[in-house]
Amino acid sequence: MKKAVQGLSSRFNSPWFGRRDQIPPGSDARTKVIDRAMVGHGLFTPQELIEIHGIGDRMLELKPDMASARHAGEVAVVLDREARARRRAQKKLESAERKRARAEHIAWRRRTDIVFLGRGVSKGLADRVSKVSALESSGLPVHATPADLAQAMKLSIPRLRWLAFHADATMVSHYIRFTVPKKNGGVRQLAAPHRDLAAAQEWILESILRKVPGHDCAHGFVSGRSTVTNAAPHVGRGIVLNADLTDFFPTITFPQVRGIFRQMGYSPAVATVLGLLCTEFPRRIVTFNGITYHVATDPHGLSLGASTSPALSNLAARRMDSRLSGIARKLDWTYTRYADDLTFSADATSEDRVGYLLARIRHIAQEEGFTVNEKKTRVQRPNAAQAVTGIVVNEKLHVPRQTVRRMRAILHRAGTEGLAKQNRENRPYFEEWVRGMIGYIAMVNPKQAAPLMAAFEGLGRREFRR
């Protein structure tokens, strides 16, 4: 053994030295020495070494095939990576195409349809089913989609969407807001729509709302009716009861208005658009980071200034009118309503029913979403002037004496001082105001107005002679 070892060349000359990827062959001199040493130490038997080297020889035979397989595997990995890269690129192209197609579809939908008008109000826009028979039987235009409305109103879809869009805070308002003084003090806030919205509301009024009648007891905002027709049923009665509804228009909110159009037969989509066009938030102006916003302060309701609000208020109060008319008939009273002014009258024998009637008025109004203004509720008897919507009804219709006396005094002094000097309240178009007041008195009671009209025309003749 010692000689065998000494006869070996340097260990670094062995091609198998340090190899871990291959079992050295049994014919290798160095390997033989190592094998003899392992057998001598009892680590392996000669038979086991023969099997081990047989395995190594077989590995040497298969090595070219393994290298080929390894190369093929590496090629397969490269090809797989390239295929995956191509698939990723293809998916990116397909995704970009889908995004482009979706963007085109969204742009097309925005040009041709309305599917969103703000949070909390857009739920019904997907329902495009109208009750055609109900609409046709009422003589109403048949529309089922926002596109139908836009075409009928001669508006583009984007313009209609902009006019109807619901936003709690916006930099642009569709209304011009201003205040006017109330007769009993304080101010009333009005909101007049801008041109396009005003035109849309006018179309709704003429094409739809004027064709749907309110309750027969409603006299305000009804063609052919006035404060005179509202007051006439209460002439010469023993008791006249007046009640007033608080914040009548703003109390009628967007859900109620949308419901009115749904009851007519319009689809939820059309009813939503119409409801939003006819209602508006009370707003106040707020500046934040140098930007001015119009911020909502109360729920969406009818605006004091929209042409559609009067007709919609009558339709919203139709059920209340029906209930109040019913209780009035039951108690043998007469009921009429002019806007927010409720009037009941009866013979003096019904005195004992006043308390019960007042309670029923409050309860019915509350159940219908309205509130009675207790400060303006009054019971009038024949021993004092009984007034209904500003007209005295004790024995016949006539304007309150103080109003007639005031106009007589203005015209009398105008005969010597001129009409312009009588404008102590600085009214614009004062002459037209005087003419209008005389016309109003003539409408109520022509006999009261006759001397006033003669005096007014006499002023014109004197001015002409001068």
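Select R427 to begin: with a relative accessibility of 29%, R427 counts as partly exposed. On this scale, buried means under 20% relative accessible area, exposed means over 50%, and partly exposed is anything in between, with a 1.4 Å probe and protein chains only. You are looking at a predicted model, in which local features need pLDDT of at least 70 and side-chain atom pairs count only at pLDDT 80 or more, while totals for chains, interfaces and linings use all residues. Residues are numbered from 1 along each chain as its sequence is written, and side-chain values use heavy atoms, with hydrogens and water left out.

The side chains of R427 and E425 meet in a salt bridge, with 2.8 Å from N to O. A salt bridge here is a side-chain nitrogen of Lys or Arg within 4 Å of a carboxyl oxygen of Asp or Glu. E425 is partly exposed too, at 46% relative accessibility.

**Zoom out to the whole chain**

Switch to a cartoon view. The chain has 17 helices and 13 strands; helices (H or I, at least four residues) and strands (E, at least two) are DSSP runs, numbered from the N terminus. Why is the chain described as more spread out than a compact globule? Its radius of gyration is 47 Å, well over the 23 Å that the globule rule gives for 466 residues. That radius is taken over C-alpha atoms, and the rule is 2.2 Å times the number of residues to the power 0.38. Turn the model and you can follow the C-alpha trace along its principal axes, where it spans about 160 × 60 × 45 Å.

Of the 466 residues, 39% count as buried. Show the surface next: the accessible surface of the chain comes to about 27,300 Å², and 55% of that belongs to carbon and sulfur atoms. These areas come from the Shrake-Rupley method with a 1.4 Å probe, and for residues only the protein chains shown count as cover.

**Along helix α3**

Select residues 46-112, which form helix α3. Display D80 and R84, whose salt bridge has its closest N and O atoms 3.1 Å apart. R84 and D80 are separated by about one helical turn because they are 4 residues apart in α3. An α-helix has 3.6 residues a turn, so residues three or four places apart point the same way. R84 is partly exposed at 38%, and D80 is partly exposed at 35%.

Move along to R100 and E104, also in α3 and 4 residues apart. Their salt bridge brings the closest N and O atoms to 2.4 Å. Both ends are partly exposed, E104 at 46% and R100 at 38%.

The model has 21 salt bridges in total. For a linked set, select R319, R323, E367 and E368, which form a salt-bridge network.

**A cluster of rings**

Select F221, F248, F249, Y338 and F370, which ring pairs link into a cluster. Rings of Phe, Tyr and Trp (its six-membered ring) pair if their centres lie within 6.5 Å; planes under 30 degrees apart count as stacked, over 60 as edge-to-face and the rest as tilted. The count comes to 7 aromatic pairs. F221 and F249 are a tilted pair because their centres are 6.1 Å apart and their planes are at 50°. This pair links distant parts of the chain, 28 residues apart: F221 is in the loop between α7 (195-207) and α8 (227-231), and F249 is in helix α9 (residues 248-251). F221 is partly exposed at 39%, whereas F249 is buried at 10%. F249 also makes a tilted pair with F248, with centres 5.8 Å apart and planes at 40°. F248 is buried, at 4%.

**Under cover, then back outside**

Is helix α11 (residues 268-278) mostly covered or mostly open? Mostly covered: 11 of its 11 residues are buried, among them P268, T272 and C278.

Next, pick S350, in the loop between β10 (341-346) and α14 (354-367). S350 is buried at 4% relative accessibility. Apart from neighbours within four places in sequence, S350 is in contact (heavy atoms within 4.5 Å) with I239, L331, D332 and W333.

For a last stop, select M171, found in the loop between β1 (169-170) and β2 (175-181). M171 is exposed at 52%. Together with W162, V172 and I291, M171 makes a nonpolar surface patch of about 370 Å². Patches are made of residues with over 30% relative accessible area and no salt bridge: like charges are joined within 9 Å, nonpolar side chains (Val, Leu, Ile, Met, Phe, Trp, Tyr) within 5 Å.
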